[in-house]
Amino acid sequence: MDIKKLASLIGGTVEGDGSSDITGLKGIESAKSGDMTFAMDENLLGLAEKSGASCVLTTTTVRKSSKPLIRVANPKLAFLLIYNILNKPEIRPAFKDPSANISPSARLGENVWIGPNVCIEDNVSIGNGTIIEANSAIKKNSLIGNSCRIYPNVTIYEGVVIKNNVILHGGVVVGADGFGYVKESGKIYKFPQLGKVIIEDNVEVGANTCVDRGSLNDTIIGANSKIDNLCQIAHNVKIGKNSLIAAQVGISGSTVIGDNAIIGGQVGIADNLKIGENVTIGAQSGIIGHVSDGEVIWGYPGRPIRETKRQMAVLAWMTKNFKAISKLIK
Amino acid sequence: MDIKKLASLIGGTVEGDGSSDITGLKGIESAKSGDMTFAMDENLLGLAEKSGASCVLTTTTVRKSSKPLIRVANPKLAFLLIYNILNKPEIRPAFKDPSANISPSARLGENVWIGPNVCIEDNVSIGNGTIIEANSAIKKNSLIGNSCRIYPNVTIYEGVVIKNNVILHGGVVVGADGFGYVKESGKIYKFPQLGKVIIEDNVEVGANTCVDRGSLNDTIIGANSKIDNLCQIAHNVKIGKNSLIAAQVGISGSTVIGDNAIIGGQVGIADNLKIGENVTIGAQSGIIGHVSDGEVIWGYPGRPIRETKRQMAVLAWMTKNFKAISKLIK
Amino acid sequence: MDIKKLASLIGGTVEGDGSSDITGLKGIESAKSGDMTFAMDENLLGLAEKSGASCVLTTTTVRKSSKPLIRVANPKLAFLLIYNILNKPEIRPAFKDPSANISPSARLGENVWIGPNVCIEDNVSIGNGTIIEANSAIKKNSLIGNSCRIYPNVTIYEGVVIKNNVILHGGVVVGADGFGYVKESGKIYKFPQLGKVIIEDNVEVGANTCVDRGSLNDTIIGANSKIDNLCQIAHNVKIGKNSLIAAQVGISGSTVIGDNAIIGGQVGIADNLKIGENVTIGAQSGIIGHVSDGEVIWGYPGRPIRETKRQMAVLAWMTKNFKAISKLIK
């Protein structure tokens with residue numbers, strides 16, 4: 001497709017010669033002749049001009065360029081939209097590797113692809129177009145929706161519900177028992193973990209992340225939420241829709257998080273908390289109290305970010321002026 | 001079983017009509033007619049009364065109710081004890097899936113259940129009633145005791161010792177090499193990791209947790225201890241009995257932790273430390289010094305919790321009164 | 001081999017009777033007659049003398065002993081060098097377990113050992129002497145070099161490049177999609193993750209660690225670097241050579257780390273940062289700014305360690321003198 005055609009697909013404006021064909025999409029560092037790249041600001045536009053790229057997606061406000069440009073409101077978004085136009089999701093024909101171990105009572109939809117050594121236990125249901133890769137195991141009574149992608153070495157425990165267009169990366173474990181015990185007279189008793197996990201549409205779960213099953217209720221990941229690698233989602237947690245949860249976050253039991261949360265890496269959230277909607281939590285924060293809608297939180301323990309920064313600034317000032325302060329006290 | 005019978009099994013006192021049959025155990029949110037639920041306080045009792053539950057396990061001190069009650073000292077404990085009475089642990093008949101790869105030199109006890117694609121190398125021994133699920137791998141010379149449950153995709157390296165009634169959840173890795181190197185003249189040499197891992201009776205290890213083998217000595221997890229998901233237990237660590245270690249905790253090499261520890265999520269403990277008995281460590285603490293018996297620690301770095309809280313309060317006060325302080329200094 | 005012969009191999013000096021044969025290498029706690037152990041200082045030498053060890057590797061400066069000694073500059077290094085002399089790396093004959101699923105288009109070098117249920121997809125190349133253990137999966141177009149060791153249940157996504165002498169421990173996931181999304185008008189779009197992962201020679205990656213593929217560029221782990229368990233290496237990260245990264249560290253997208261880094265456990269590093277060469281970062285630090293060559297950083301947020309320690313000392317002093325300060329302010 002030529003530049004003009006691609007611009008029209010995403011509602012962009014061509015500046016310069018729009019007649020060249022674009023054959024690839026690349027980052028600035030690796031773009032060669034025939035490639036389109038994108039630049040979010042003038043600095044990056046300068047780098048893009050030095051690359052071999054034949055066209056640069058950029059903003060409506062940066063300066064003119066010697067290279068052909070497509071101007072759009074959000075060049076990064078336009079880049080991915082063009083990528084998605086040119087690269088349709090893979091549809092595989094129905095396939096069951098002969099080494100897969102599929103219970104006769106499992107129900108498989110159309111165009112389901114089952115890789116080598118996959119184990120599917122009794123009464124599992126798998127929707128149309130779902131791909132389950134090598135060495136993953138799905139225990140009894142679990143329901144997997146349509147167009148899901150389950151990468152290798154994933155473990156899904158019994159009775160888990162996964163809806164449509166869900167991606168589970170390698171090593172994910174969904175539905176293991178929550179960490180629930182009762183300690184009495186020095187003895188530790190395991191509390192039953194009888195709830196389900198429900199993962200709603202369009203969720204993506206990163207490699208080696210764990211989502212525990214509910215204890216008496218269910219653990220729920222809301223639609224369109226994305227969870228990075230190595231996160232811990234404990235029993236009975238409810239995460240709202242459209243949330244972004246970065247790597248190594250831990251959310252403790254029964255905490256409820258509203259829609260549109262943005263949670264930075266390595267954040268820990270204590271149990272039984274209510275985190276409102278549209279909350280942002282900075283990386284490594286430790287949340288030990290409820291958080292209201294729209295708050296921006298950071299710190300250990302987590303507080304409104306302005307408060308944390310102010311405390312840090314005061315401590316730095318005190319340290320700088322320590323001699324004067326200690327003299328005054330004495 | 002009817003309410004009276006259940007009450008007698010756990011030494012509880014019936015209040016109201018004890019003749020109804022109980023057919024299920026549920027949390028308050030999902031309890032329906034025929035179910036028993038539990039309520040730890042009056043507030044929860046109020047919610048339980050609005051549910052469909054036919055009986056509520058509750059404390060000896062809350063008010064009377066329109067619903068039949070069973071009064072006990074610890075309703076949550078009573079609930080799990082009744083659950084355990086009604087749900088005996090699964091005993092499966094002896095089974096080896098034809099796709100399992102079991103060395104002829106492996107020794108299997110009675111009623112051992114081996115799922116699809118399980119790999120069991122030379123000289124492994126597996127005790128009576130142990131269940132090993134799909135796609136787990138057990139390397140040579142490891143010893144697994146009786147009545148263990150090993151979930152899918154678990155990796156057990158060579159020479160690991162796992163005693164009885166141990167649960168390993170999906171994706172657990174036991175016995176990988178510890179992180180031991182010698183750096184000399186800018187070159188990094190791998191130090192031999194020759195020790196074992198010993199996991200004692202009744203330990204539960206959460207999904208994707210890693211327990212490294214010892215370097216020259218052994219790594220030991222004491223009886224009845226419970227470790228949550230995504231924890232790191234480094235080489236030569238010794239954890240005492242009856243400890244509860246929440247998710248994403250990291251314990252560095254050669255640290256020794258006494259019995260009855262309670263360690264919150266995301267805590268990090270440095271190497272070569274001695275943590276006493278009956279120690280409690282709050283979530284996300286960073287422990288960089290020894291801890292005496294019975295201490296309650298929190299903070300970064302970890303200190304007695306009162307000290308950490310007092311420092312936090314003083315910094316908050318300083319921040320609030322910063323104008324006055326800075327005026328005084330000037 | 002006798003003590004004299006072992007001493008000559010590592011350039012050490014024998015003190016006492018050097019004629020006994022050494023049959024094993026052990027830590028002080030488990031050394032018996034016939035074993036060699038090592039002691040880094042006089043205190044440990046005293047413990048070694050009480051053990052059954054027949055010879056102690058120790059420094060050039062500690063006192064004389066009743067036991068035969070070998071004196072060297074670095075006894076721990078000498079111990080591992082002797083271990084490596086006596087224990088050559090395992091070379092296995094070529095083997096493909098019949099249950100392995102190997103694409104006809106995969107190219108296997110000499111003496112490649114493929115365990116049960118290993119899946120190797122199209123166009124994968126595996127070098128000489130590489131061992132791939134049970135239930136690991138390698139997706140299409142990946143290149144694995146010579147003498148690598150891939151433990152069970154590892155997942156390698158498509159197009160990953162792993163060079164020579166690389167060790168991947170159980171449950172490692174290399175090449176999963178990075179956490180890249182564009183949020184626009186409340187909708188979350190997945191950004192393409194098209195880069196590779198390149199893992200250079202002699203890298204060791206700990207159990208359940210995740211190394212994400214690049215987004216538009218590549219993720220690179222430099223030669224001789226060692227990464228512990230449960231770490232998160234995000235998309236486009238570049239780690240230099242000879243780095244040591246302890247457990248549960250998280251490095252965010254596009255951050256570049258120079259050679260010879262030493263990074264403590266549970267450290268988090270934000271995205272798009274430049275960390276210089278020869279940097280040391282203390283455990284649990286949170287790095288939110290660039291770091292210059294040679295710096296030693298600690299804290300939350302991470303700062304030069306002296307600054308962090310000074311701030312901690314000032315806060316402790318303020319807390320201790322709080323009554324005097326508050327009186328003064330009032």
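1. A word on terms before we start: two strands pair if DSSP finds at least two bridges between them, and strands (E, at least two residues) and helices (H or I, at least four) are DSSP runs numbered from the N terminus. With that in hand, look at chain C, where Val182(C) has Tyr189(C) of strand 21 as its bridge partner. Strand 20 (residues 181-184) and strand 21 (residues 187-190) of chain C run antiparallel and are joined by four bridges. Two residues lie between the strands of this hairpin, and Ser185(C) takes a positive phi near 50 degrees there.

2. Some housekeeping. This is a predicted model, in which local features need pLDDT of at least 70 and side-chain atom pairs count only at pLDDT 80 or more, while totals for chains, interfaces and linings use all residues. Residues are numbered from 1 along each chain as its sequence is written, and chains are lettered from A and ligands numbered from 1 in the order in which they are written.

3. Now the arrangement of the chains. Two copies of a chain are related by a rotation about an axis and a shift along it. Chain A goes onto chain C by a turn of 120 degrees and a shift of 0.0 Å along the axis, with an RMSD of 0.1 Å.

4. How many residues of chain A are in contact with chain C? The number is 48, and they meet 44 residues of chain C; contact here asks for C-beta atoms, placed from the backbone, within 7 Å. Helix 3 (75-86), helix 4 (305-320) and helix 5 (322-329) of chain A are the elements that give two or more residues to this side. By class, the side of chain A that touches chain C has 20 nonpolar, 21 polar and seven charged residues. In this count Ala, Val, Leu, Ile, Met, Phe, Trp, Tyr, Cys and Pro are nonpolar, Asp, Glu, Lys and Arg are charged, and the others, Gly among them, are polar.

5. Chain B also meets chain C, with 44 residues of chain B in contact with 48 residues of chain C. At least two residues each come from strand 20 (181-184), strand 21 (187-190), helix 4 (305-320) and helix 5 (322-329) of chain B. Helix 4 of chain B gives the largest share of this side, five residues. The classes on the side of chain B that touches chain C are 23 nonpolar, 17 polar and four charged residues.

6. Next, the fold within a chain. The domain assignment, which is automatic or from a database, gives chain A domain 1 (3-86) and domain 2 (95-306). The C-alpha centres of these two domains of chain A lie 37 Å apart.

7. In chain C, ten strands form an open sheet with parallel pairing, in the order 7-10-13-16-19-24-27-30-33-36. Strand 7 (101-102) and strand 36 (286-287) of chain C stand at the edges with a single partner strand each, so one side of each is left without a neighbour in the sheet. Strand 27 (residues 232-233) and strand 30 (residues 250-251) of chain C pair in the parallel sense over two bridges, and Ile233(C) has Ile251(C) of strand 30 as its bridge partner.

8. Which residues touch the most other members of the largest nonpolar core? They are Leu168(A), Val174(A), Leu168(B), Val174(B), Leu168(C) and Val174(C), in a core of 203 residues. Such a core is a set of buried Ala, Val, Leu, Ile, Met, Phe, Trp, Tyr and Cys residues joined through C-beta atoms within 7 Å. Leaving out residues up to four places away in sequence, Val174(C) touches Ile156(C), Tyr157(C), Val160(C), Leu168(C), Val197(C) and Val211(C).

9. Finally, some backbone details to look at. Most residues other than glycine have a negative phi, and most peptide bonds are trans. The bond joining Tyr300(A) and Pro301(A) is cis, with omega about 0 degrees, and Pro301(A) is in the loop between strand 37 (296-298) and strand 38 (303-304) of chain A. Asn123(A) has a positive phi near 65 degrees and is found in the loop between strand 10 (119-120) and strand 11 (125-126) of chain A. Is Asn242(C) buried or exposed? Asn242(C) is buried, with 22 C-beta neighbours inside 10 Å; buried takes 20 or more other C-beta atoms within 10 Å, exposed 12 or fewer, and partly exposed lies in between, with C-beta atoms placed from the backbone.

Definitions and conventions:
Contact = placed C-beta atoms within 7 Å. Least-squares fit on C-alpha atoms with pLDDT ≥ 70 in both.
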